[in-house]
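This report goes through one protein model piece by piece, for a reader who has the sequence and the 3D view at hand. Please keep both open while reading.

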Amino acid sequence: MAKKPAADAAEAGTKESPAPSPPAPAASAGAEAAPAPKEKKPRPPKKDKASPAAPPAEAPALPAPSAEAATPPQAPATPAAPAESAKRKGKRPGVGPRRGKKLRNLLKNQEQRIAKEAAAPLKKAIGLLKQIKRAKFDETIEIHMALGVDTTQSDQLIRGTVSLPHGVGKTVRVVVFCQGDNVAKAKEGGADFAGSDDLIEKIQKQNWLDFDVALATQDLMGKVSRLGKILGPRGLMPTPKAGTVIAPAADMAAAVREFKAGKVEFRTDKGGNVHAGVGKMSFDEAKLEANITAFVDQVKSVKPSGVKGNYIKSITVSATMSPGIAVSM
């Protein structure tokens with residue numbers, strides 16, 4: 001009976017504490033010690049060919065690049081084409097800026113008023129021209145005549161000069177190509193410049209063109225003809241048809257005075273029209289009427305013999321900043 005309680009106590013002890021593990025067998029003295037297992041290092045990720053390699057972790061930090069160095073150099077900006085720049089700004093070549101509402105209404109009323117008058121007598125047309133004045137400066141009064149001539153025929157080209165009774169209202173600078181005693185006569189008549197070889201050389205070498213009318217004596221036309229390429233395109237070349245070549249028997253001083261006073265040159269353009277300035281807005285109506293009448297009479301007097309039908313189609317007078325008014329004469 002005494003052995004059974006001892007057996008129960010031993011069983012209870014085994015349940016409370018686990019049994020110690022058996023000791024490892026001792027290695028023999030002659031055998032070598034087994035090597036310790038090596039730690040496996042993590043394998044670096046594979047490099048992607050598309051992405052650049054990352055810098056090493058221990059590399060020294062580089063200074064951050066400045067803003068100027070970071071931005072790549074830009075190529076110089078090429079100027080935009082004229083058409084593109086004009087389109088961007090809402091403008092088109094040859095088209096002026098949009099007019100204001102007040103100006104548009106004013107011009108519309110003027111056109112309607114002129115349209116009601118139709119072709120008016122000269123005196124009434126000049127009075128209407130002064131009424132519709134809107135510019136602050138002294139405008140030039142112009143005349144425009146449409147002629148029934150054929151400009152392809154050389155015998156129907158109209159060209160000439162007319163001395164206006166009251167001048168054109170502006171200072172005319174006159175140069176005279178002459179020599180000898182004619183130089184003094186030209187100065188007496190009011191010429192601004194007079195001479196021969198010195199003036200010709202000045203125009204050729206210095207491109208001097210500070211004059212409005214050029215006159216020349218007949219004996220100097222051989223030398224003056226060298227200036228054709230310079231004076232011709234500007235309408236300043238002396239020619240017998242325009243009355244700017246002075247004959248030997250003509251009065252030099254009187255010819256200069258006529259041009260200084262307001263002798264106007266006219267010629268037909270490609271459309272068969274004649275244009276000229278006949279005075280200023282500040283002129284009296286009687287002076288403007290006299291100048292316009294003298295001009296129209298001179299154009300009528302040079303009618304070519306080959307013209308058939310209506311010689312003068314229309315006459316229009318206008319100012320620098322006003323619409324044209326049809327005139328019946």
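Strand 1 (residues 140–147) pairs with strand 9 (residues 312–318) in the antiparallel sense, over six bridges. Two strands count as paired if DSSP finds at least two bridges between them. Helices (H or I, at least four residues) and strands (E, at least two) are DSSP runs, numbered from the N terminus. The model is a predicted one, in which local features need pLDDT of at least 70 and side-chain atom pairs count only at pLDDT 80 or more, while totals for chains, interfaces and linings use all residues. Residues are numbered from 1 along each chain as its sequence is written, and side-chain values use heavy atoms, with hydrogens and water left out.

Strand 9 also runs antiparallel to strand 10 (residues 325–327), and a hairpin of six residues joins strand 9 to strand 10. The table lists bridge partners.

| Residue | Bridge partner |
|---|---|
| Leu147 | Ile312 in strand 9 |
| Val317 | Ile325 in strand 10 |

Four strands form an open sheet with parallel pairing, in the order 4-3-5-6. Strand 4 (193–195) and strand 6 (245–246) are at the edges with a single partner strand each, so one side of each has no neighbour in the sheet. Strand 3 (residues 174–177) is joined to strand 4 by three bridges in the parallel sense. Helix 6 (residues 182–189) packs on this sheet and touches strand 3, strand 4 and strand 5 (213–217). The direction of helix 6 makes about 170° with that of strand 4. Such angles run from 0 to 180 degrees between N-to-C directions, and axes are lines fitted to C-alpha atoms, for helices over the stretch in contact. Helix 7 (residues 197–206) lies across strand 3 and strand 4, at about 120° to strand 3.

**The cores**

The largest nonpolar core has 51 residues, and Ile143, Met145, Leu147, Val176 and Phe295 touch the most other members. A nonpolar core is a set of buried Ala, Val, Leu, Ile, Met, Phe, Trp, Tyr and Cys residues joined through side-chain atoms within 4.5 Å. Buried means under 20% relative accessible area, exposed over 50%, and partly exposed in between (1.4 Å probe, protein chains only). Phe295 is in contact (heavy atoms within 4.5 Å) with residues including Ile143, Met145, Val162 and Phe266, leaving aside neighbours within four places in sequence. Another core, of 17 residues, lies apart from the largest one and has Leu199 and Phe211 among them.

Helix 4 (residues 101–117) and helix 5 have axes that come within 12 Å and cross at roughly 170°. The two, helix 4 and helix 5, are therefore roughly antiparallel, a term for angles over 145 degrees. Arg113, Ile114 and Glu117 in helix 4 meet Lys124, Leu128 and Gln131 in helix 5.

Lys130 lies in helix 5 (residues 122–131). Is Lys130 buried or partly exposed? Lys130 counts as partly exposed because its relative accessibility is 27%. Lys130 and Ser282 are 152 residues apart in sequence, with 9.1 Å from C-alpha to C-alpha. Lys130 touches Ser282, and also Met281, Phe283, Glu285 and Leu288, not counting residues up to four places away in sequence.

**A loop residue**

Thr239 is in the loop between helix 9 (228–231) and strand 6. At 15% relative accessibility, Thr239 counts as buried.

Conventions: Parallel < 35°, antiparallel > 145°, perpendicular 65-115°, else oblique.
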